[in-house]
Amino acid sequence: MRPEEYAWYADRLQNFAREHRKRLEDLLCAYGPGSPPASHGWYALIGQPETLVILERMETVPFLLRSTWEGEEEDVLLDDLEFAWRPRTRLSRR
């Protein structure tokens, strides 16, 4: 994210959460803590505070997110989140 974006990013996240509220609730119920997939150790990011930011970036700038992610975190974390969220543009091989 460019420094000039920081000033309005909180508003962007609020709008994203408002727009996708039902979808976020469904995601949390289906894949979040206490769900059958989570009990097997899958979908570890779902339910974490940073997930909202990652999902917003996944919808807004998926190529930037993927290129920034690679080498920083385990790819499976982002792949699982992408599989569960099913964004418009999917970059994982799954």
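User: What is the mean pLDDT of the chain?
Analyst: The mean is 90, and 97% of the residues reach 70 or more; pLDDT is the predictor's confidence in each residue, from 0 to 100. This is a predicted model, in which local features need pLDDT of at least 70 and side-chain atom pairs count only at pLDDT 80 or more, while totals for chains, interfaces and linings use all residues. Residues are numbered from 1 along each chain as its sequence is written, and side-chain values use heavy atoms, with hydrogens and water left out.

User: How many residues are in the largest nonpolar core?
Analyst: It has 16 residues, and those with the most contacts inside it are Leu27, Ile46, Ile54, Leu55, Met58, Leu81 and Trp85. A nonpolar core is a set of buried Ala, Val, Leu, Ile, Met, Phe, Trp, Tyr and Cys residues joined through side-chain atoms within 4.5 Å. Buried means under 20% relative accessible area, exposed over 50%, and partly exposed in between (1.4 Å probe, protein chains only).

User: Which elements give two or more residues to this core?
Analyst: They are helix H2 (21-31), helix H4 (51-60), helix H5 (62-69) and helix H6 (75-85). H6 provides the largest share, 4 residues.

User: Staying with Trp85, is it buried or exposed?
Analyst: Trp85 counts as buried because its relative accessibility is 3%. Leaving aside neighbours within four places in sequence, Trp85 is in contact (heavy atoms within 4.5 Å) with Phe16, His20, Arg23, Leu24, Leu27, Leu55, Met58 and Glu59.

User: What sits over the ring of Trp85?
Analyst: The charged end of Arg23 does, 3.7 Å from the ring centre. A charge sits over a ring if NZ of Lys or CZ of Arg is within 6 Å of the ring centre and within 35 degrees of the ring normal. Elsewhere, Arg86 lies over the face of Phe83, at 4.6 Å from the ring centre.

User: How many aromatic pairs are there?
Analyst: The count is 2 aromatic pairs. Rings of Phe, Tyr and Trp (its six-membered ring) pair if their centres lie within 6.5 Å; planes under 30 degrees apart count as stacked, over 60 as edge-to-face and the rest as tilted. Phe16 and Trp85 have ring centres 6.1 Å apart and planes at 40°, so this pair is tilted. It links distant parts of the chain, with Phe16 in helix H1 and Trp85 in helix H6, 69 residues apart. Phe16 is buried, at 6% relative accessibility.

User: And why is the pair of Tyr31 and Tyr43 tilted?
Analyst: The planes of Tyr31 and Tyr43 are at 55°, with ring centres 4.5 Å apart, so the pair is tilted. Tyr31 is in helix H2 and Tyr43 in the loop between helix H3 (36-39) and H4, 12 residues apart. Both Tyr31 and Tyr43 are buried.

User: Changing topic: why is H4 largely enclosed by the rest of the structure?
Analyst: H4 is largely enclosed because 7 of its 10 residues are buried. These are Thr51, Ile54, Leu55, Glu56, Arg57, Met58 and Glu59. What covers them includes H1, H2, H5 and H6. Thr51 has a relative accessible area of 6%; leaving aside neighbours within four places in sequence, Thr51 is in contact with Leu45, Ile46 and Leu81.

User: Which residues of H5 are buried?
Analyst: They are Pro62, Leu65, Arg66 and Trp69. Seen down the axis of H5, they fall within an arc of 95° (taken from the directions from the helix axis to the C-beta atoms), so they line one face of the helix. The buried residues of H5 pack against H4 and H6. Just after H5, Gly71 takes a positive phi of about 90°.

User: What is Arg66 in contact with?
Analyst: Leaving aside neighbours within four places in sequence, Arg66 is in contact with Asp75, Leu78, Asp79, Glu82, Leu91 and Ser92. Arg66 counts as buried, at 10% relative accessibility.
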